[in-house]
Amino acid sequence: MRERLHALSIAVRRPMLDAMRETERRYRDQDSKRLYYLSMEFLMGRALGNNLTNLELYDEAKSIIAELGADLEELRSLEHDAALGNGGLGRLAACFLDSLASQNLPGFGYGINYEFGLFRQTFVNGYQHEKPDHWLDEEGSPWLVDRADDAISVPVYGAIAHTTVDGVYKPSWVDYKIIVGVPHDMPIVGYGGQTVNVLRLYTARSSDEFDIGIFNSGDYIAAVQHKINTEAISKILYPSDLVDRGRELRLLQEYFLVACSVRDIMKRYRETHDSFDEFPSKVAIQLNDTHPALTVVELMRMFIDDYGLPWEQAWALTVATCGYTNHTLLPEALEKWPFDLLGRLLPRHLQIMQEINRRLVAEVERRFPGDAAMQKRVSLIDDSDRRNVRMGNLAMAGSHSINGVAALHSELVRTTLAPEFYKLYPERFNNKTNGVTPRRWLLQANRPLASLITRAIGDGWIRNLDELRRLELFADDAGLLDRLHAVKSRNKLALAQLTKELTGVIVDPNSMFDVQVKRMHEYKRQLLNILHVVDRYWQLAEDQKEPLVPRTFYFAGKAAPGYFMAKLIIKLIHSVGEVVNADPRTRDWIRVVFLPDYRVTLAEAIIPAAELSEQISTAGKEASGTGNMKLALNGALTIGTLDGANIEIRDEVGEENIFIFGLRAEEVSSLIRTGYHPEHYMGASRNVRRVVDTIAAGHFSRGDKDIFRPIVSKLLSASDEYVHLADLAPYLETQQRVDEAWLDRGQWSRKSLLNIARMGKFSSDRTIAEYARDIWQIKPAVIGSFAHAALD
């Protein structure tokens, strides 16, 4: 079967590569301005189905494969997910690439060709275990085209030679080691197949097989150590930064991505331009979060050291070229690198950063004399505790555009994250609310629903998601609402079968499917969700109060290997599920399932079957979220806080078609500032107290009171910045409203249809069009004739 999968993939690849060459010719002929999107993550998922869908060859391929006695879906199931990302950051990047190509925009991705993904998640006794995720077959991927002839040499380590030329200080980087970046191109086909852009992924290789001198002296292990260390750079996504070696490897990864990308961009530009006068009018670089922030310094180094430009010109070109997207207000994503580590790995870059900082602080002093606090906040260098360089500040200083990814998030970037930068450069700040591609997340992931929509309103929605508004005409059409319910039921049956295969848990497809699928993190509050399950359990088991509806609670998501609390929450969810699923008093009413190894392919199975979408992060913590958009687009109703894009979803779908609860962002901030007292909420609600007390007493851990002690301590701590107990009682009350609404299946289906109909704003096509217009100033490349290639 794998041979058939490979043969089909090669056949599909052929017209894609033809279109890719034609696309590049078109861009060159028109001297198009190009966008280069730098990201440490691209969560691409499986490629075959997506490529067939965008080439409009899916049905044709399915028929041909059937004639050959095989099943296309079975072949697709053999393909590994391209494990090049982790969560929303990487999936957003993948959606953006799809939208760039589908709108015929000259946009390219740059990333790392990780040999192993984040990890493959398994569970042992409810605890997460991490196994290597070796996503590439021995023969490689048919979707990666080796471009060894375009390999890039990247210097690291070394020292600075302090020299002068004609009395002018001219430092030079010497005694460095070389890492080779070997590119592999993944074709990104736009819908209709006319434009095929490229995601270029770099693999790290040693410049020499080993040091022959050391080898000849007899130290065979040391001789190959540099090769081993070098090639570790592209081995695994996000090595642990809990130890010094891990931190060094992560910094090497980030610089490797930046250095390969910027050198490749510069080479491409220089092929058709003799000077840098047009550089910002032909090149736009977008930094997807702080990981690629070194782009600012690498551009400066190349302009000054390699091409001899004066500082002022180099800085103007850099700022005009770079844009920075902030994705979170959480400290772990606003990276800081130790001053000493940067000096050892990238001595010339540290020198340039210091000069950027000197000029930046001088500008603050000139424009805001005597404001030492502002200088300290804007400075790239944090002198408190260990001396660190703030990569977020570097990205903001060196970019002409700084955007958040939802209206609330962008406001918080201006007012709480970077108010001093906003004061300094207010014109740089803007909002670009995230979106998702409807091709992957509706047309491909939910073909029955896509077919129902197309029969009702035509297929214009595939390219213009605003067309879904026309579904509002059917809001009171009983026949269409019945068909919508039938589609959801069919998808739930499929997920129930998959659940049994993956976990052995048998779920009732007639129960409500309540879904929370996302990266495990305390701010996303999977803990709040399982506290609701515990309350529901006790109301049934102890109070003998039957719920209005049976529910199946679906969880899925990975915890970072070093994130103790997130991993303990996974264990708690499993432990609660073990008790609830086995108790004869409750098992017909409540089921808890944690599906292992969450990834794009699993999301494509869960999301079409979801009826309730849990978007319950602490207000002010979630930048945007895109799972909320995917789930609503597939007809799930949202229960959520006023956080991230939930606010804009509420504004679009209407307050009557969403379930909102909890503190607002400003109320959370005020509560923490004035003093958060969890004991108040314990005393105010018998149910809240019972939930916490029974977990503490070991009821869900076979009498062991120690396992979940850290969770209980956090819940009862005034330092719980995620204020779980403050929102728990309102959450429980809102869940009761959800039950009541679900009882009226006709009205629920109507709300579901209106959610689908009003998701037009949340297409990544809209997001990309705004980036292209407001930040990148790129335009679609005019398309000439292109012969549609069918499968032969």
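## Contacts of Phe279

Contact here means heavy atoms within 4.5 Å. In this predicted model, phenylalanine 279 is in contact with Ile265, Met266, Tyr269, Leu299, Phe303, Leu317 and Thr321, leaving aside residues up to four places away in sequence.

## Nonpolar cores

Phe279 and Trp776 touch the most other members of the largest nonpolar core, which has 139 residues. Helix H8 (residues 244–270) supplies the largest share of this core, 13 residues. Another core lies apart from it and has 64 residues, including Ile639, Tyr676, Met682 and Val738.

## Asparagine 434

Asparagine 434 sits in the loop between strand E19 (429–431) and H18. Its relative accessible area is 4%, under the 20% limit, so asparagine 434 counts as buried. Not counting residues up to four places away in sequence, asparagine 434 touches Leu92, Phe96, Val405, Ser624, Thr626, Met629, Phe762, Arg766 and Thr767.

## Second largest pocket

The second largest pocket holds about 1,600 Å³ of space. It is lined by 49 residues, of which Glu73, Arg76, Gln444, Ala445 and Glu604 are the closest to its centre. Among the elements that give two or more residues to this lining are helix H2 (48–54), helix H3 (58–67), helix H4 (72–76), strand E3 (120–124) and helix H18 (438–444).

By class, the lining is made up of 20 nonpolar, 12 polar and 17 charged residues.

How values were computed: Residues numbered from 1 in each chain as written. Predicted model: local features only at pLDDT ≥ 70, side-chain atom pairs only at ≥ 80, totals over all residues. Heavy atoms only, no water. 1 Å grid on protein atoms, 1.4 Å probe; cavity = no way out; pocket = protein on both sides within 12 Å on 5 of 7 lines; lining within 4 Å. Points joined across faces, edges and corners; volume = space filled by probe spheres on them. Helix = DSSP H or I, 4+ residues; strand = E, 2+ residues; numbered from the N terminus. Nonpolar A, V, L, I, M, F, W, Y, C, P; charged D, E, K, R; others polar. Buried < 20%, exposed > 50% of the residue type's maximum accessible area, 1.4 Å probe, protein only. Core = buried A, V, L, I, M, F, W, Y, C linked by side-chain atoms within 4.5 Å.
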